[in-house]
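Subject: Structure handover

Hello,

Here is the structure I promised to pass on. Please open it and keep it beside you as you read.

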Amino acid sequence: MSQQIAKPRTTAVILAGGTGQRVGLSIPKQLLKIAGKAVIEHTLTTFEKADSVDEIIVLMAPGYVPDIEKIVSKAGFKKVRKIIEGGSTRNETTERAIAALGEGLADGEDLNVLFHDAVRPLLSQRVIDDCVTALERYQAVDVAIPSADTIIVTRTHGEDGEFITEIPDRSRLRRGQTPQAFKLSTIRRAYEVAAGDPNFQATDDCTVVLRYLPDVPIHVVAGDEYNMKVTQPVDVFIADKLFQLASSAAPEQNGEEVYRELLTGRTMVVFGGSYGIGKDIAELAESYGATVYALGRSTTGTHVENPEEVDDALSKAYSETGRIDYVVNTAGVLRIGKLAETDNATIEEALKVNYLAPVQIARSAYKYLAETKGQLLLYTSSSYTRGRAEYSLYSSTKAAMVNLTQALSDEWAGDGIRVNCVNPERTATPMRTKAFGQEPAGSLLSSEAVARTSLDVLLSELTGHVIDVRQQDPTAAAGRASGFEQALAGVLDRQDGVA
């Protein structure tokens, strides 16, 4: 009987030796904050979540190792095995990583190694998985995308400036990205050979293999346009916007028995539960065994803009059931009109119901959700990415819900509380009908569909996500799309989506 050969372990090596000079910073660019977190924290999170990665090593710029240790400790990254200082050059940093990777290996044991730039925080799980899969067949793997630009080769002629000497065939040109993946034995051997070259220098590790191990083929994995490197000041702005706009696909729906198993004995409080999405969520959760408190102005007389009534509602649910697992807020008002012509009472109502009420609900719900490690679910509108004329109050308060979600998910992560935000496409609700009248059949999402997705989000482990719910996802045909792919596609769709 043949013995099955165990797959080699995979280690991600995060190269974080940059100084940030090109971005004009006094600190390494990998410590710059984008979307509320250091760039390197976004990068580490991606590898922490990658099923195909077993462990992580960080090579940090000299003098900044304690900063990374604090980030790793606060975020609770479990896969980070070692944080060491990088070298003065990219090659020296790689050599230090190779030495660290070889420690404790048994004779003949090999590893899969992925070298990744810390300042590429938008890397997708697909690229990581493709690199690891490619290492089952190849010893060296690069990641690249086609060049959309014509590449020219120039030569400088004194004070006359640059002149074109060659224009290569663009169809064969690729733009290299990271990770660059290798068998540890291969990249180690390449550097051993390179050490004998007194003129050795290279800007990346595939170049070392190509130059010093010419018989080793380097396979190319398709990269992604948004796997950008934060190098110039404009990159900081673009990356921040991509994180801001990024949304997640709805979790896969659970089977009927799973819903029942997860919801039986749980307590859910739904503000805005009188009608529409809130009412549908309440009925759906109750049908699977949850104890649900559906609260609304027209049914229970609960006014979300009144903090005392919010406190009383949550206190009552807790005293009667001994727990609160989920708090949902779908309450909202939609007032359309030019701001200069809007009276103070209307402005005050919109701010109180659409913004201050969710803030108060979150503050009041915190102690209960911390006890159960539960979830707060908020709602935005697909108009949140860009305010439109006559929607200034509505779209701006809905944009605030996204920021509130992202901030609280970080703030409450240590307490085990998850916070998410659902972003439905235009949905058939009484609020929308009141504002727009009857609309063509089939042009709107059903509130039941949004409620079902909302339940899936509540039962998931997601936190800090904006979950798009659409009738037809434009990225569906492309297979498993990342949040950034959806962000780019979704921007084109969010023109008048009001839930």
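Below are notes on a sheet, a hairpin, some helix pairs and an aromatic pair.

First, the ground rules. This is a predicted model, in which local features need pLDDT of at least 70 and side-chain atom pairs count only at pLDDT 80 or more, while totals for chains, interfaces and linings use all residues. Residues are numbered from 1 along each chain as its sequence is written, and side-chain values use heavy atoms, with hydrogens and water left out.

Helices (H or I, at least four residues) and strands (E, at least two) are DSSP runs, numbered from the N terminus.

**The sheet**

Start with an open sheet of 6 strands. Its order is β13-β12-β14-β15-β16-β19, and the pairing is parallel. Two strands pair if DSSP finds at least two bridges between them. β13 (291–295) and β19 (466–469) stand at the edges with a single partner strand each, so one side of each has no neighbour in the sheet. From one strand to the next, the twist averages 15 degrees.

Now look at β12 (residues 267–271) and β14 (residues 326–329). They run parallel and are joined by 4 bridges. Phe271 has Asn329 in β14 as its bridge partner. Helix α9 (residues 276–287) packs on the sheet, where α9 touches β12, β13, β14 and β15 (375–379). The direction of α9 makes about 165 degrees with that of β12. Angles run from 0 to 180 degrees between N-to-C directions, and axes are lines fitted to C-alpha atoms, for helices over the stretch in contact.

**The hairpin**

β8 (residues 153–156) and β9 (residues 162–166) run antiparallel, with 4 bridges between them. Arg155 has Phe163 in β9 as its bridge partner. The two strands, β8 and β9, form a hairpin with 5 residues between them. In the turn, Gly158 has a positive phi of about 50 degrees.

**The helix pairs**

Contact means heavy atoms within 4.5 Å. Angles under 35 degrees count as roughly parallel, over 145 as roughly antiparallel, 65 to 115 as roughly perpendicular and the rest as oblique. Ala, Val, Leu, Ile, Met, Phe, Trp, Tyr, Cys and Pro count as nonpolar, Asp, Glu, Lys and Arg as charged, and the others, Gly among them, as polar.

Helix α10 (residues 307–321) and helix α11 (residues 344–372) pack at about 20 degrees, with axes 9 Å apart. They are therefore roughly parallel. Contact residues include Val310 and Leu314 of α10, and Ile361 and Ala365 of α11. By class, this contact of α10 with α11 has 7 nonpolar, 3 polar and 2 charged residues.

α11 also packs with α12, at about 10 degrees and with axes 10 Å apart. That makes α11 roughly parallel to α12. Among the contact residues are Leu351 of α11 and Leu404 of α12. The contact of α11 with α12 has 13 nonpolar, 2 polar and no charged residues.

Helix α5 (residues 184–194) meets helix α6 (residues 205–212) at about 65 degrees, with axes 9 Å apart. That makes α5 roughly perpendicular to α6.

**The aromatic pair**

The structure holds 6 aromatic pairs. Rings of Phe, Tyr and Trp (its six-membered ring) pair if their centres lie within 6.5 Å; planes under 30 degrees apart count as stacked, over 60 as edge-to-face and the rest as tilted. Tyr366 and Trp412 form a tilted pair, 5.3 Å centre to centre with 50 degrees between the planes. Tyr366 lies in α11 and Trp412 in the loop between α12 (392–411) and β16 (418–424), so the pair ties together parts 46 residues apart in sequence.

Best wishes
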